[in-house]
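Biologist: Please take a close look at one part, the contact between the domains. After that, please describe the sheets.

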Amino acid sequence: MAEAGTATYESRMLIDGKLVDGQAGTFCNINPANEDVLGEVADASAADMRRAIDAARRAFDDTDWSTNRGLRKRCLAQLHDALEAEREELREELIREVGAPRAVTHGPQLDAPLADGLRYPARMIDDFPWETDLGDTVVSVTGVNTTRKVWHEPVGVVGAIVPWNFPFEVSTNKLGQALAAGNTVVLKPAPDTPFNATRLGRLIAQNTDIPAGVVNVVTASDHLVGEELTISPKVDMISFTGSTGVGKRIMEKGAATMKRLFLELGGKSATIVLEDADFTTACLIGIGPLLHAGQGCAAPTRMLLPRSRYDEGVAILQGIYQSIAAGDPQDPGTLCGPVISAKQQSRILGYIRKGVEEGATLLVGSTEPPKEFDKGFWVSPTLFTDVDNQMTIAQEEIFGPVLAVIPYEDEDDAVRIANDSAYGLAGNVMSGSLDRSLAVARRLRAGFIGLNGTAGYGADTPFGGYKDSGVGRQNGIVGFSQYTEVKSVAYPAQNL
């Protein structure tokens, strides 16, 4: 264990119930705000990953985890309580290793998933329709009066691959649902943000009755170590959150072993502000790409304004973007912190330069890093206007604090532009009329729509997208179901 301020970091992985070092040594975890080394963490080899997979396989096949619902409920409650006891340490850890602004940890980065990410799936153990009775009927192919049942059973071994932007939120929602459904899990965090995952491993080992091998946490600097999950015939399902490019590779590599898949991928979400909206309120949605420096797949990175009120909306957005600067994530008033790495910083700045080259107006922001920071990975809040939807900055996921403002002619044009994307993850509609915003929402090809400034986030709400934004849903009964297999059972009806 190494200490830094009020955060205590776990360096070891969890494999087969034991906290262990990695065969490849260690790698450093870097604070993106100042480039300080937070500590070292176990670096797994491919052999380590295979050991974890074997442990998960044995735990599923040889223990009663998949059938003992009472044990699963107790263990999830124990893990929740252990996390609650270390909530503030975990908050400091996320601020340091993710660069998450303190304010964001009080929402989707920590407090929101901690509230129900494990509790909701634990309730589902009792509430989920594990068995459905289809009733008795004379089956035509046999002529026999037959009782028919549909059973839901666990998929088996789940490989859970987690991104760096909201790592605890994603890990909690994957673990909660996969474990509650009776599966065993190998959790692979991103190398940029390993400590929140190793903390989970330590708490599972020391504070819960989860049997050895049911949860394994494998940290590695080499992304290909995670690919062992995709190609192993011992892994039944991949639950992945990350980029569309990697999601497609997982789909391709997993085809050989017919992997079940949940893929929550990229987005280029549009906010449609209709001409009857209160623009002062509606344009506040434009702050979305600044929260956590735009490092969110559902960030509303395109704003569509009616041409009749375009200048009015741009003036409001300009005021917002000029009033918010990138700042220290430890400061409770900061909304836009650092980006995760030098590589990501370079990528985002490349997109900003591309926007300028293609003719968009860089109204606020810069093609260079902000000069007030000597260290760390920073990008200034960036507002583009006069954007055509065919421009690169309107079509590709930037994953940075960049908003593209696009004019439209009428409602049909707005819907056309919003849907003119390879992605279909999320969107927003702002209108003075709820009926009108509902009608527009029905026309959008996206999986998660907020109306008039609301969002439906929660462990009971399915989250995921259409098109290149993925396959399946996180959370809700729909998300829970994807961690199960379906078995139809028939037997002669008992005539009592």
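Modeller: Contact here means heavy atoms within 4.5 Å. The model is predicted, so local features need pLDDT of at least 70 and side-chain atom pairs count only at pLDDT 80 or more, while totals for chains, interfaces and linings use all residues. Residues are numbered from 1 along each chain as its sequence is written, and side-chain values use heavy atoms, with hydrogens and water left out.

The domain assignment (bounds from an automatic or database source) gives domain 1 as 13–265 + 469–489 and domain 2 as 270–451. Their C-alpha centres are 31 Å apart. At the interface, 26 residues of domain 1 are in contact with 26 residues of domain 2. The area buried between the two domains (accessible area, 1.4 Å probe, lost on putting the two parts together and summed over both) is about 2,100 Å², and carbon and sulfur atoms give 61% of that area.

Across this interface the rule finds 0 salt bridges, a salt bridge being a side-chain nitrogen of Lys or Arg within 4 Å of a carboxyl oxygen of Asp or Glu. Polar contacts are present: 9 residue pairs, with both residues at pLDDT 80 or more. A polar contact is a pair of N or O atoms within 3.5 Å; within protein, one must be able to donate a hydrogen and the other to accept it, and residues adjacent in sequence count only if both atoms are side-chain atoms. On the side of domain 1 that touches domain 2, the elements giving two or more residues are α3 (87–98) and α4 (102–105); helices (H or I, at least four residues) and strands (E, at least two) are DSSP runs numbered from the N terminus. The largest share of that side, 5 residues, comes from α3.

Now the sheets. An open sheet of 7 strands runs β16-β17-β18-β15-β14-β20-β21, with mixed pairing; two strands pair if DSSP finds at least two bridges between them. β16 (361–364) and β21 (448–451) are the edge strands, each with a single partner, so one side of each has no neighbour in the sheet. The twist averages 25° from one strand to the next, where axes are lines fitted to C-alpha atoms (for helices over the stretch in contact) and angles run from 0 to 180 degrees between N-to-C directions.

β14 (residues 270–273) and β15 (residues 302–306) pair in the parallel sense over 3 bridges, and I272 stands opposite L304 in β15. Helix α12 (residues 310–323) packs on this sheet and touches β15, β16, β17 (382–385) and β18 (402–408), its direction making about 170° with that of β18. Helix α13 (residues 342–357) lies across β16, β17 and β18, at about 25° to β17.

Another open sheet has 3 strands in the order β7-β8-β24, with antiparallel pairing. Its edges are β7 (131–138) and β24 (484–492). β7 and β8 (residues 145–154) pair over 7 bridges, and T132 has V150 as its bridge partner in β8. In the hairpin of β7 and β8, with 6 residues between the strands, G143 takes a positive phi near 75°. β8 and β24 pair over 9 bridges, with T146 partnered by P492 in β24.
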